[in-house]
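This report describes one protein chain, going from its overall make-up to a few selected residues. Please look at the sequence and the model before reading on.

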Amino acid sequence: AALALLARLVRENADPLFRTAALTGLQDRELEFVRLLLVASRERESADDHARHAMGLAVQCVLEAGDASRNTALLELLETDGGPAPGMRDALLEAMVAFVSSQRRGAKRLALGRAPAGLIKLARGTDHTLRQQAYRLLDLFTWPGAGAVMVNVAATAPLTPAQEKLLETGRETYSNFCAACHQPHGGVAPNLAPPLAGSDWV
């Protein structure tokens, strides 16, 4: 009850110093706080600046802790009951992207307990902006059996020998000239190159 009240006060208070001070007292309850913000904002189409700021601070705390189970639970918020309202989903993604942007190049990937189904679904979706954000975030995480995250394509006929040769030539060319910046999976290298996977340009 106290955490729900705090979430309401943080959403309603315009003073950023108040929000920051309130969040410093959460003591490992940031994930539950994010859940409360999402639930309270389900009726709204867009997230107000107060909720976005509070979301950003809480998400940063969760990710900085580096706990695989909490990271997994954070990403599961994109999956629950059809996912959060679009405005809060965007705020949640923006907060995670801001965290990615703040990381130094070559930083260790954050562990997850399982594949982030909600994030992968966004990466396979039709919304260009969401796809780009999802690919950028997928590069931040690793999970058992992660390998390269590839966007599923519609089933097609088997490749001809000529097509297989062309595919292998393309794979070799990409590996030699593109992968250093765009990553082997076509995801993203923060502050270096945009994602190619899921891009309308490729």
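## Terms and basis

A residue is called buried if its relative accessible area is under 20%, exposed if over 50%, and partly exposed in between, using a 1.4 Å probe and protein chains only. Helices (H or I, at least four residues) and strands (E, at least two) are DSSP runs, numbered from the N terminus.

The model is predicted: local features need pLDDT of at least 70, side-chain atom pairs count only at pLDDT 80 or more, and totals for chains, interfaces and linings use all residues. Residues are numbered from 1 along each chain as its sequence is written, and side-chain values use heavy atoms, with hydrogens and water left out.

## The chain as a whole

The chain contains 10 helices and 2 strands. Read from the N terminus, the order of elements is α-α-α-α-α-α-β-α-α-β-α-α. Of the 202 residues in the chain, 39% are buried.

Contact here means heavy atoms within 4.5 Å. Among contacts between residues at least 6 apart in sequence, 68% join residues at least 24 apart.

## One face of helix α2

Which residues of α2 are buried? They are R19, A22 and L23. Seen down the axis of α2, these buried residues fall within an arc of 95 degrees, so they line one face of the helix. The arc is that of the directions from the helix axis to the C-beta atoms.

The cover over the buried residues of α2 includes α1, α3 and α4. L17 and T24, on the other side of α2, are exposed.

Most residues other than glycine have a negative phi. Q27, however, has a positive phi, near 45 degrees, and D28 also has a positive phi, near 70 degrees.

## The nonpolar core

A nonpolar core is a set of buried Ala, Val, Leu, Ile, Met, Phe, Trp, Tyr and Cys residues joined through side-chain atoms within 4.5 Å. In soluble globular proteins, nonpolar side chains tend to be buried together. The largest core in this model has 47 residues, and F33, M55, L74, L92 and M96 touch the most other members. Two or more residues each come from α1 (2-12), α2 (16-24), α3 (30-40), α4, α5, α6 (86-102), α7 (117-123) and α8 (128-138). The largest share, 9 residues, is given by α6.

Leaving out residues up to four places away in sequence, L74 touches L31, V34, V59, V62, L63, L92 and M96.

## Helices α4 and α5

The axes of α4 (residues 49-65) and α5 (residues 68-76) come within 8 Å and cross at roughly 145 degrees. Axes are lines fitted to C-alpha atoms, for helices over the stretch in contact, and angles run from 0 to 180 degrees between N-to-C directions.

Where the two helices meet, α4 brings V59, V62, L63 and A65, and α5 brings R70, N71 and L74.

Q133 is part of helix α8. At 16% relative accessibility, Q133 counts as buried. What does Q133 touch, not counting residues up to four places away in sequence? The residues are L93, E94 and V97.
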